[in-house]
Amino acid sequence: MADPKIRLNQMVTKLREQDYRITPQRFAVLKILAGSKDHPGVEQIYEQVRKDFPTTSLATVYKTLTLMKEIGEVLEIGFAEGSNRYDGNKPYPHPHLICVKCKEIIDPDLATLSDMTQELEQDTGFRILNHRLDFFGICPRCQEKG
Ligand SMILES: [Zn+2]
Ligand SMILES: [Zn+2]
C-alpha cells in the first residue's frame with residue numbers, strides 16, 4: 001500500500017489542477033480513500049466521514065467518488081448487486097482477490113500480470129486499455145470458521 005499521505009496529496013493536487021474545490025467533506029472522503037486498504041463501499045466511507053462531519057450526505061460521498069473515478073484517481077470495483085467497492089490507493093487496473101463469504105477484498109501481488117498483457121497484445125494485435133481480473137474464493141479466516 002502506498003503512503004496514505006502521499007496518496008492523499010496526489011489526489012488533492014489532481015483536483016486542484018482541474019480547478020475542483022476541496023471542501024472539508026470532500027477532503028474527508030479523500031482521506032478515507034487514501035488511508036483504506038480494504039476497498040470500502042460507499043456506506044462505509046459515509047459512516048466514517050460522518051464521524052467528523054455529521055451533516056455530510058450520502059449524495060456528497062457518491063459525488064466525490066464519481067468525480068475521483070472520472071479523473072482516474074479511484075478504481076471502482078463494480079458488483080452486480082450494486083454494492084460497489086472503491087480503491088483509492090491503486091487507481092489503476094489491478095487484480096483483486098474477493099472472499100465470497102465476508103466480502104473481504106485484497107490486492108494480491110502478481111508479477112506475471114504485465115507479462116500477460118504483453119502476451120495478449122502480441123497474440124491478438126489488441127492494444128489493451130484496461131482489464132478486470134477478479135479471483136473469487138474463501139479467505140483463510142472464513143475457512144477456519146468452517
Ligand atoms: Zn472471508
Ligand atoms: Zn485494489
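In which strand is His-96 found? His-96 is found in strand β3, which covers residues 96-99, a strand being a DSSP run of E of at least two residues and a helix a run of H or I of at least four, numbered from the N terminus. The model shown in these views is predicted, so that local features need pLDDT of at least 70 and side-chain atom pairs count only at pLDDT 80 or more, while totals for chains, interfaces and linings use all residues. Residues are numbered from 1 along each chain as its sequence is written, chains are lettered from A and ligands numbered from 1 in the order in which they are written, and side-chain values use heavy atoms, with hydrogens and water left out.

**View 1. The surroundings of His-96.** His-96 has a relative accessible area of 2% and is therefore buried, where buried means under 20%, exposed over 50% and partly exposed in between, with a 1.4 Å probe and protein chains only. The side chains of His-96 and His-94 are joined by a polar contact of 2.8 Å, a term for a pair of N or O atoms within 3.5 Å of which, within protein, one must be able to donate a hydrogen and the other to accept it, residues adjacent in sequence counting only if both atoms are side-chain atoms.

**View 2. The zinc ion (ligand 2).** This ion is coordinated at 2.0 to 2.1 Å by His-39 (NE2), Asp-87 (OD), His-94 (NE2), His-96 (NE2) and Asp-107 (OD); donors are N, O and S atoms within 2.8 Å of the metal (3.2 Å for Na, K and Ca), and sites may look incomplete because water is not among the atoms. Both Asp-87 and His-96 are buried.

View 3. Cys-99 counts as buried because its relative accessibility is 3%, whereas Cys-102, at 36%, counts as partly exposed.

**View 4. Helix α1.** Residues 4-17 form helix α1, in which Arg-7, Leu-8, Met-11, Val-12 and Leu-15 are buried. These residues lie on the same side of α1, because they cover an arc of only 135° around the axis, the arc being that of the directions from the helix axis to the C-beta atoms. The face turned away from this buried side carries the exposed residues Lys-5, Asn-9, Arg-16 and Glu-17.

Conventions: The expected span of a helix is 1.5 Å times one less than its number of residues.
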